[in-house]
Amino acid sequence: MLESEKKFQHLIDEIYEAARIDTYNNISPKNYGTGDLLYSNEVHTLKLIAENEGLNQNELAEKTYRRKGTVSVTVDKLESKGLIEKRVDLEDRRRSCLFVTEKGRLVHEKHADYDNEIYKKMRAGIKVTDEQLDNAIYVLGECLKYFRSNIYHAKTCAVTDSK
């Protein structure tokens, strides 16, 4: 294996480890000022709805890379907590559009504040230059482009023995 291939493999391994740490870190639900406990996937789903008000559940499933059934459960939880509401689409009455309520907006703002504090602490504890950050952003962006363009293909391909 070439040295650049080893480095790239190491980078991907580091990304997966960061994802595992993030998952572990977000096991417990948090209160964002309303008394409701929200899991990470709920508050990040709320964030996507707040940033894309009026989208439907199919569009939300695409944005979250989750199955429609999984998104439906999360949307129902957010709606039952009074954080979002479904409104019938005036152009297509079979479709419901998702909107954030005032309570949901408050949670969204508190979550943004929480994330910003985490980011500040991380930035203070990680000693890298702006150039290194720019390079990291570029490489991660390229990885994401690849993942996005190949996500459906990868789900349909079986892992085979290369012998």
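**Helix packing and salt bridges in the predicted model**

The buried residues of α4 are covered by elements including β2 (37-38), α2 (40-51), α3 (57-64), β3 (84-88) and β4 (96-100). Contact here means heavy atoms within 4.5 Å. Helices (H or I, at least four residues) and strands (E, at least two) are DSSP runs, numbered from the N terminus. The model is predicted: local features need pLDDT of at least 70, side-chain atom pairs count only at pLDDT 80 or more, and totals for chains, interfaces and linings use all residues. Residues are numbered from 1 along each chain as its sequence is written, and side-chain values use heavy atoms, with hydrogens and water left out.

Helix α4 comprises residues 68-80. At 1.5 Å a residue, its 13 residues should span 18 Å, and its end C-alpha atoms are 18 Å apart, which agrees. The expected span is 1.5 Å times one less than the number of residues. Val71, Thr74, Val75 and Leu78 of α4 are buried. Seen down the helix axis, the buried residues of α4 fall within an arc of 100°, so they line one face of the helix. The arc is that of the directions from the helix axis to the C-beta atoms. Buried means under 20% relative accessible area, exposed over 50%, and partly exposed in between (1.4 Å probe, protein chains only). Lys77 also belongs to α4. Its relative accessibility is 40%, so Lys77 counts as partly exposed. The C-alpha atoms of Lys77 and Leu38 are separated by 9.4 Å, although the two residues are 39 residues apart along the chain. Just after α4, Gly82 adopts a positive phi of about 75°.

Helix α2 gives a similar check on length. Its twelve residues should span 16 Å at 1.5 Å a residue, and its end C-alpha atoms are 16 Å apart, which agrees. Ser40, Glu42, Val43, Thr45, Leu46, Ile49 and Ala50 are the buried residues of α2. Their cover includes β2, α3, α4, β3, β4 and α5.

Salt bridges were then examined. A salt bridge is a side-chain nitrogen of Lys or Arg within 4 Å of a carboxyl oxygen of Asp or Glu. By this rule the count comes to 13. One of them joins Glu42 to Lys81, with the closest N and O atoms 3.3 Å apart. Glu42 lies in helix α2 and Lys81 in the loop between α4 and β3, so the pair ties together parts that are 39 residues apart in sequence. Glu42 and Lys81 are both buried.

Glu53 and Arg105 also meet in a salt bridge, at 3.5 Å from N to O. This pair links distant parts of the chain: Glu53 is in the loop between α2 and α3, Arg105 is in helix α5, and the two are 52 residues apart. Glu53 is partly exposed, with a relative accessible area of 34%. Arg105 is partly exposed at 26% relative accessibility. Glu53, Glu102 and Arg105 are linked in a network of salt bridges. A further salt bridge joins the side chains of Glu79 and Lys86 (3.7 Å, N to O). Glu79 is partly exposed at 33% relative accessibility, and Lys86 is partly exposed with a relative accessible area of 31%.

Tyr114, Ile118, Tyr119, Met122 and Ile126 form a nonpolar surface patch, with about 460 Å² of accessible area together. Patches are made of residues with over 30% relative accessible area and no salt bridge; like charges are joined within 9 Å, and nonpolar side chains (Val, Leu, Ile, Met, Phe, Trp, Tyr) within 5 Å. Accessible areas come from the Shrake-Rupley method with a 1.4 Å probe; for residues, only the protein chains shown count as cover. Ile118 is found in helix α5 (residues 102-125). At 32% relative accessibility, Ile118 is partly exposed.
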